[in-house]
Amino acid sequence: MAGARANLDLGQPIPADWMPDAKISRIIFHWTAGQNKASDLDREHYHILIEGDGKLVRGKPSIALNSEPKTKAGYAAHTLNCNTGSIGVSLCGMAGAVESPFNPGKQPITRMQWEALTSVLAQLCKRYSIPVDRKTVLSHAEVQPTLKITQKGKWDISRLPFDPSIQGAIAIGDQMRAMVKSRL
């Protein structure tokens, strides 16, 4: 279980060695814009990835490399100018997705991944004592409007292919934060 892959039953813990001691104040969740399986490139940019079937994949950089006060060499570069003190968690998928008119591409993120993300975020918040609010647990699409850190056209996650009734980064982020709070 401590290897690169772990089955995620929603109650199953993230392997302890994936969560080293570190000063972390934020979690940013993403989609890879790739396939529903983690690639080597995906693993270089995120700490934890969730594949289409809900399996967890450990990213190559240790969470400790993104620790505050200063990011260390080899860190996970997942969010422009917002990596220090931040854990990057990504759902594998959305290759070829188009924002408007919305098209999730041939590898859309799944409800199973979304549910698994809830558990992963709750576990990370508990492990690193991160309060759940808009500035500490947010999607990549929320970074610019919420933290005022300019991003380059990032809209992950502002649409859910499996639930078109909810749209917009803040609305989707609020839904995820409510789900995480219910698990804590």
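**Helices, pocket and backbone**

Modeller: Let's start at R127, which is found in helix α2; helices (H or I, at least four residues) and strands (E, at least two) are DSSP runs, numbered from the N terminus. Bear in mind that this is a predicted model, where local features need pLDDT of at least 70, side-chain atom pairs count only at pLDDT 80 or more, and totals for chains, interfaces and linings use all residues. Residues are numbered from 1 along each chain as its sequence is written, and side-chain values use heavy atoms, with hydrogens and water left out.

Biologist: Which residues is R127 in contact with, leaving aside its neighbours within four places in sequence?

Modeller: R127 counts as partly exposed, at 32% relative accessibility; buried is under 20% relative accessible area, exposed over 50%, and partly exposed in between (1.4 Å probe, protein chains only). With contact meaning heavy atoms within 4.5 Å, the partners of R127 are M19, P20 and D21.

Biologist: How many of the 18 residues of α2 are buried?

Modeller: α2 reaches 26 Å from its first C-alpha to its last, close to the 26 Å expected at 1.5 Å a residue; that expected span is 1.5 Å times one less than the number of residues. Just after α2, S129 takes a positive phi of about 55°. The helix is largely enclosed by the rest of the structure, because the buried count is 13 of the 18.

Biologist: Which residues are closest to the centre of the largest pocket?

Modeller: A pocket here is an open set of points on a 1 Å grid over the protein atoms alone, where a 1.4 Å probe fits, with protein on both sides within 12 Å along at least five of seven lines; lining residues have an atom within 4 Å of a point. The largest pocket has a volume of about 320 Å³, the volume being the space filled by probe spheres set on the points, which are joined across faces, edges and corners. Of the 20 residues that line the largest pocket, the closest to its centre are W31, T32, Y46, H140 and K154.

Biologist: M94 has a positive phi although it is not a glycine; is M94 buried or exposed?

Modeller: Most residues other than glycine have a negative phi. M94, in the loop between β5 and α2, has a phi of about 85°. At a relative accessible area of 2%, M94 is buried.

Biologist: What is omega for the cis peptide bond that joins D156 and I157?

Modeller: Most peptide bonds are trans. I157 is found in the loop between α3 and α4. For the cis bond from D156 to I157, omega is about 15°.
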